[in-house]
Amino acid sequence: MPTRNEQASSSQEDSAKFFIGAAGSRQSSVLPDLLPLTNSPTSSSGSTQRPQDKSTSDENGLASNQYRMAVGSKPPQFLQQKQKSFISFGFGAGSTMPPRRELSHINVNVTPTTSETTTDTPEIRKYKKRFNSEVLCAALWGVNLLIGTENGLMLLDRSGQGKVYQLISRRRFQQMEVLEGQNILVSISGKKNKIRVYYLSWLKSKILRMEGMEKRNGWVNVGDMEGAIHFKIVKYERIKFLVIGLKDSVEIYAWAPKPYHKFMAFKSFGVLQNKPALVDLTIEEGTRLKVVYGSQNGFHAVDVDSGTVYDIYMPSHTQGPINPHCIVPLPNTNGMQLLLCYDNEGVYVNTYGKITKNVVLQWGELPTSVAYIGTGQIMGWGNKAIEIRSVETGHLDGVFMHKKAQKLKFLCERNDKVFFSSARSGSSCQIYFMTLNKPGLANW
């Protein structure tokens, strides 16, 4: 059940989900784990579209010019105002643009109340908790947020007083994902980057310090693999597949329900010429499984039935290795069409390597993170701006410009909630979340 817009009190957020907090505590309409509001004027936002090719909109107004200034070498004067953390434009605008529309100034540290009216402009908020070690990944567990860092696993209680619980110490968590229906947290963790599965009930007992804590071991490794690079969990009918990219191979595991209750080996594709950097699995027309993975040379596919490996996109205009960001199977294409994002571009191809759209998604600057969001949009986090684009067209839906250049990292998303973190600066880093105010896709 998706959470409501976080403008409600803690009692209104996923009350059926795992809840941490003192019983009988007085409920408030203000989220206690958020920093207080800083006042700033607001006005209606404009729309913009960065030119890509003939299919791109030609709307170039005030907002477009200021966005170009923002990602240029010298920040514009209005970005230097200290009370502004992000400035947004382009959200909720129609197909036509008035002669003059002012930018809307968006504050990060808002304290919402239930009486606020909803707008089409996304909100960005920042948790007051500062983390002393680099935040590498995160996953939602009910309404709460599991956080993986260089030095351990923590839980941020978003349903109560914003307390942070230390769950596991002295272990590095590189990637993780929660499967609540299976009572597990899947992770790449440890010095040897093993795939380790933790039981949520065991983690819960550690938080609540229950009497008679579970006697069984709270975790189990998947296989004997080491050096995992990236994993992806994909649902196919009633089966959940775990696709794992290793140094020079791809492994596929399938979840076996009770009495086994674990991931079991399904397929293995070894000694790949191009080493996986990220992996995904698409189901063509509901019947054929195909691994798609990115490397420093391009994007490739493996037919699961035959084991055939082939290239689906190899950039010819770049020099040296590329940085693959994400692989997006496009909605309503029966798993046949993909958006492949790398460096500051994205291309549309099918699973056999044919270009399907005569358009290249082009970010305004080189992003440090790119992610597909359940609202049907794709987001790119640059040092000077956060761009939100339509996944099907690449058109720019809106932009948040930073007050000052900073490196941000995508963590996780659910429906219209997106979580990301700042890179460690000095002694600490912080976590932000954005509410896109668009209906999301159903969670499984």
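Residues are numbered from 1 along each chain as its sequence is written, and side-chain values use heavy atoms, with hydrogens and water left out. Because the model is predicted, local features require pLDDT of at least 70 and side-chain atom pairs count only at pLDDT 80 or more, whereas totals for chains, interfaces and linings use all residues.

Strands (E, at least two residues) and helices (H or I, at least four) are DSSP runs numbered from the N terminus, and two strands are taken to pair if DSSP finds at least two bridges between them. Strands of a sheet pair through backbone hydrogen bonds, either parallel or antiparallel. Between E3 and strand E30 (residues 431-435), the antiparallel pairing extends over 4 bridges, and Lys126 stands opposite Tyr432 in E30.

Phe419 is located in strand E29 (residues 417-422). Its relative accessibility is 0%, and Phe419 therefore counts as buried (under 20% relative accessible area; exposed is over 50% and partly exposed lies in between, with a 1.4 Å probe and protein chains only). Although Phe419 and Lys126 are 293 residues apart along the chain, their C-alpha atoms are separated by 9.6 Å. Beyond residues up to four places away in sequence, the contacts of Phe419 (heavy atoms within 4.5 Å) include Tyr127, Leu140, Arg158, Phe410 and Tyr432.

Aromatic pairs number 13, where rings of Phe, Tyr and Trp (its six-membered ring) pair if their centres lie within 6.5 Å, and planes under 30 degrees apart count as stacked, over 60 as edge-to-face and the rest as tilted. The ring centres of Trp381 and Phe410 lie 5.4 Å apart with planes at 35°, so this pair is tilted. It links distant parts of the chain, as Trp381 in strand E25 (residues 377-381) and Phe410 in strand E28 are 29 residues apart. Trp381 is buried, at 0% relative accessible area. One aromatic cluster comprises Trp381, Phe410, Phe420 and Tyr432.
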